[in-house]
Amino acid sequence: MAKSKTSDELVFLPLGGSNEIGMNFNLYGFGPAHDRRWVVVDLGITFGDSSTPGVEVILPDPSYIEDYADRILGIVLTHAHEDHLGAVAWLWPRLKAPVYATPFTAFLLREKLREADLLDQVEIHEVPLKGRFQLGPFDFELITLTHSIPEPNGLAIRTPLGTVLHTGDWKIDPEPLLGSVTDQDAIRRLGDEGVLAMVCDSTNVFVDGVAGSESDVRETLIPLIGQLKGKVAVACFASNVARMDSVCRAAAAAGRRVCLVGRSMHRMAAAAKSVGLMAGLAPFLTDHEAKSFPDNAVLYLCTGSQGEPRAALSRIADGSHPHVKLGAGDACIFSSRVIPGNELPIRNLQNGLADRGVRLYTERDHPGIHVSGHPCRDELAEMYRWARPQIAVPTHGERRHLLEHQAFARDMQVPQQVAPRNGDMVRLAPGRAEIIDEVPAGRLYVDAGVLTPENGEALRERRHAAHNGMIAISVVLDGKSRIVSGPEVRALGLPSDEEDTMEDMLDDLSEEAERALKRLSGEDRDQDETIEIALSRAVKKASQRIWGRRPVVETIVLRV
Ligand SMILES: [Zn+2]
Ligand SMILES: [Zn+2]
């Protein structure tokens, strides 16, 4: 029988996370094309960089699915990393579906919702590890994995048209220190049952071998911290609770007490304690207590390993931290990786610390003080052998990662591989997997607390001004549109020297503007907008001649 438009389909739609690392926002749809039911898997953010001046947080654009918000059955979170749950507090009001998460993830989500004043509106279903729940045609089973945060879950999503294994972020850590090991039996069983498609992490697809274990890091940190004199600071991601725990144990073995520095360290420690982790450790020192301890009896566990300007470590490096001072004879261990894009701020941070006389220990010169939380090629191969999917769908990576992962899956004899871009709707069943639609997908910027489109005017102007400078012109006209004063010109961010002084150049611009104004007919001069365009054109042209640049021009016409 021919497939009609009304028959059920199972589709996968990435709206974030498949193009640039971060911002995971995945949708699964089931039903006939005109009446699909949807589930959201993860809703994360990414962070701005020097290409987005003034924008710290970037969200996936939910416009497409917002139109079908009443058909979203639930938002399922795999784990508590920002690139998987950070956007919930921002975008939930547009999607308004119940949220499903395990206890540690739910604890951190509640904190965020409380800050956003949404806690009493969002229906949160706390699911136990290995839990199972039904959302319409989707039957979810959580599969315990290992990663760099407590409670990382893969999702077995059973539907009437087949089962998807959505891995979320994972690696195979034989000794994760906290939590259980990867539940390979559950994945194998799923493989026996039949996996239609595996949607899988691509972060480390270019890295041979395995990611390494948290227990290896602990083995490295204990002797390293043991041999250090003076004050010791360790920077790591607060969400890596196993790492925090290892640092605390290494500190204890070296006779040091730990002082947490940075808000997210305290928040994560509270979340960890809420689910019974980090038990049996000496209580943390307060800032005040740490000051009265001898240098070789204290260890500061800090946020800010990526050079974030307001985080603890940057403030320590520039000497502005209110409680923690590091200097000659002290040491700082970076138990973290360099996230691509953060190279420059991290270099500045490390130079700042080195300038104070602080000895640095990084992954580059001290291998073993950090391991990745994502699967390398041997681990990916293992996962494919366990799950044996019919279709491989790489996710969580840039384009080059996804395509390499696609080739890898082909080599692993996976019969079909599809590497969608954000916005590509992949039909997983029935029939061969293929991209059947392209829907709008993009990013939203949080700009001074306001959600703006990624090509919005404010940021475009700011970028333009950052590269080309800015010129303001004002002119005062009387009732008959005759010039009373001006045009007055001011420049911001444009260079001058002794020969070409700013004063001369501004006079030049002012004359050009005046000539342009005088060229206008009496009728045109009655229109403020016409005057603004004429002045702006004249000044841009003159700037091009003087500086070889076209600055942002702001024109003000006043009438008296
Ligand atoms: Zn992730
Ligand atoms: Zn993660």
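**Exercise 1.** Find which residue bridges the zinc ion (ligand 1) and the zinc ion (ligand 2).

*Solution.* Look between the two ions, which lie 3.4 Å apart: Asp169 is the bridge. Keep in mind that this is a predicted model, where local features need pLDDT of at least 70, side-chain atom pairs need 80 or more, and totals for chains, interfaces and linings use all residues. Residues are numbered from 1 along each chain as written, chains are lettered from A and ligands numbered from 1 in written order, and side-chain values use heavy atoms, without hydrogens and water.

**Exercise 2.** Work out which donors hold the zinc ion (ligand 1), and where Asp83 and His396 lie.

*Solution.* Step one: list the donors (N, O and S atoms within 2.8 Å of the metal, or 3.2 Å for Na, K and Ca; water isn't among the atoms, so sites may look incomplete). Asp83 and Asp169 each give an OD atom, while His84 and His396 each give NE2, all at 2.1 to 2.2 Å.

Step two: read their spacing along the chain, D-H-x84-D-x226-H.

Asp83 sits in helix H2 (residues 82-85), and His396 in the loop between strand S20 (391-395) and strand S21 (397-398), 313 residues apart. Helices (H or I, at least four residues) and strands (E, at least two) are DSSP runs, numbered from the N terminus.

**Exercise 3.** Decide whether Asp83 and His396 are buried or exposed.

*Solution.* Asp83 has 16% relative accessibility, so Asp83 is buried (under 20% relative accessible area; exposed is over 50%, partly exposed in between; 1.4 Å probe, protein chains only). At 3%, His396 is buried too.
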